[in-house]
Amino acid sequence: MHQSKNNRNNFCHRFYGMLLVCFGMFALTVILDHSLADPNLTHATGIAPSNIFGIIGAYFADVSLKLLGRLQFVLFGIVTYWGLLLIVTGQLLNWRLKILG
């Protein structure tokens with residue numbers, strides 16, 4: 001019984017790690033593909049967004065750029081790093097220290 005609970009927790013940690021990596025890579029891709037000509041929350045255009053993820057990517061890039069600025073690269077990089085740690089090790093020890101990288 002203890003072994004199956006441990007396997008289930010390990011699977012959950014790795015699954016959450018995959019989600020973090022996917023979100024981090026999505027965010028970094030969207031931000032790198034950001035264009036000022038894309039429609040966003042404060043600027044409507046009649047053209048289709050050139051962002052690889054379409055209108056969702058254009059909105060996400062715009063909001064994250066306005067809220068976080070260049071800090072977003074560090075933030076989403078750390079999120080991706082945490083996800084990789086969860087995938088490889090199945091755990092995230094001392095998560096407060098992991099914020100520092």
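Me: Which helix gives the most to the nonpolar patch?
Reply: Helix 2 gives the most, with 6 residues. Helices are DSSP runs of H or I, at least four residues long, and strands are runs of E, at least two long, numbered from the N terminus. This is a predicted model, where local features need pLDDT of at least 70, side-chain atom pairs count only at pLDDT 80 or more, and totals for chains, interfaces and linings use all residues. Residues are numbered from 1 along each chain as its sequence is written, and side-chain values use heavy atoms, with hydrogens and water left out.

Me: Which residues make the nonpolar patch?
Reply: Leu 41, Ile 55, Ile 56, Tyr 59, Val 63, Leu 67, Leu 68, Leu 71, Val 74 and Leu 75 make a surface patch of about 900 Å². Helix 2 and helix 3 are the elements that give two or more residues to it. Patch residues have over 30% relative accessible area and no salt bridge; like charges are joined within 9 Å, and nonpolar side chains (Val, Leu, Ile, Met, Phe, Trp, Tyr) within 5 Å. Areas come from the Shrake-Rupley method with a 1.4 Å probe, and for residues only the protein chains shown count as cover.

Me: Take Leu 67. Is it buried or exposed?
Reply: Leu 67, in helix 2, counts as exposed because its relative accessible area is 67%. The cut-offs are under 20% for buried and over 50% for exposed, with partly exposed in between (1.4 Å probe, protein chains only).

Me: New topic. Where does Asp 38 lie?
Reply: Asp 38 is in the loop between helix 1 (2–32) and helix 2 (54–68). It is buried, as its relative accessible area is 3%.

Me: What does the side chain of Asp 38 reach, then?
Reply: It reaches the backbone nitrogen of Asn 51 at 3.5 Å. The backbone nitrogen of Ser 50 lies 2.7 Å from a polar atom of the Asp 38 side chain. In sequence, Asp 38 and Asn 51 are 13 residues apart, and their C-alpha atoms are 7.4 Å apart in space.

Me: On to Gln 72. Where does it lie?
Reply: Gln 72 is in helix 3 (residues 71–89). It counts as buried because its relative accessibility is 0%.

Me: And which residues does Gln 72 touch?
Reply: Leaving out residues up to four places away in sequence, Gln 72 touches Ile 31, Ser 64, Leu 65 and Gly 77, where contact means heavy atoms within 4.5 Å.

Me: Last one: how many helices and strands are there in the chain?
Reply: There are 4 helices and 0 strands.

Key:
Polar contact = N/O pair within 3.5 Å; in protein donor to acceptor, adjacent residues only side chain to side chain. Salt bridge = Lys/Arg side-chain N within 4 Å of Asp/Glu carboxyl O.
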